[in-house]
Amino acid sequence: MAVDEYFLKEGLKTIVGTWQVDYIVNAFSNDLAHIPATEFKSDDGRDFSCITYEFFEDHTMVMKDSATGKEEKGTWEQTEMFGFHYTLNGFLDLPQGAFLDAVEKLQLMEGTHLVFSLGFLAIAMKKIADGVITEAKKTDIGDMAGDDSMKEIVGDYEVLMTMCYNGKSMELMSKEDLKEQNLDEEMMQMCLQAFDLRYEFKDNHELKIWMKIPANVSKEEIDEAIASGELGEVKDGFFSREGKEWKAVDGKYYYNTGEEREMFGEKQSSWDELKVGGGMIEFADGSMVLQKIK
């Protein structure tokens, strides 16, 4: 089964480091008790606590026996969301087959132990030291230089289509499509408001979003709002407050949403791609289609 990027990243952070055998479970026991590794001794008096596995971020590993000083290098890979497989060059000295396959398969249990099977024994290891993981620096669109020669996007746009609920699912609809839907008045008005927006991509890489001033607002109220700074810039019955930034990078257009985003505890870029073509722009992650009007 393919493992997605998030779980591969989490798996790397989980496994990299040093693991020591913590306890053993005998499958033939009546109570499946957790026997501490220090109490499960071989005939020569050694116990399992002398065994450690160290996993590295380059997918190499080393298995060590502190009692004998023996160690063997190998490799590891993640095979499932919580499953791993490792291969050693000869330390285990086991024949090929199901027995060896079970030994080389590691399962993360309860987020704290890596467990493998050795015949009728389940060997559980706990992490005793974190390893080193080099954090890859992600290049954000905001940190990249824009291509000032790309100006195809410059101009004024109106909303051609917007995402709205049709009573069964969300879909892109034009104003004409919307009016044909059997929607309640509140939903209809909410969807229609999107068509009162205008978008201006300026030559100086500013994106201004213009909102229609309601018809019931008097000129005096507009003048007062302008004087107080509440409306910002006003023209042709529309007002616009603070603008956003757009840029072209590597042949594509982007704009800065200004949103603070996070996924699984990691900060995400505030820049979204704008798919441009034929005087149209897919905007707001595809929830709108803008049409150039001048």
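The model is predicted. Strand β4 covers residues 60-65 and strand β5 covers residues 70-78; the two pair in the antiparallel sense over six bridges. Within this pairing, Val 62 stands opposite Lys 73 of β5. The hairpin of β4 and β5 has four residues between the strands, and Gly 69 takes a positive phi near 80° there.

Strand β5 also pairs with strand β6, which spans residues 83-88, again in the antiparallel sense, over five bridges. Here Gly 74 is the residue of interest: Gly 74 stands opposite Leu 88 in β6.

The cysteines form the second topic. A disulfide is a covalent bond between the sulfur atoms of two cysteines. With a cut-off of 2.5 Å between the sulfur atoms, the count comes to one disulfide. The partners are Cys 164 and Cys 191, with their sulfur atoms 1.7 Å apart. The torsion about their S-S bond is about 60°, and the disulfide is therefore right-handed. Cys 164 belongs to strand β10 (residues 155-165) and Cys 191 to helix α4 (residues 185-192), so the pair ties together parts that are 27 residues apart in sequence.

Are these cysteines buried or exposed? Both Cys 164 and Cys 191 are buried. Cys 50 has a relative accessible area of 11% and is therefore buried, since the term applies under 20%.

Technical notes:
Residues numbered from 1 in each chain as written. Predicted model: local features only at pLDDT ≥ 70, side-chain atom pairs only at ≥ 80, totals over all residues. Heavy atoms only, no water. Pairing = 2+ DSSP bridges. Buried < 20%, exposed > 50% of the residue type's maximum accessible area, 1.4 Å probe, protein only.
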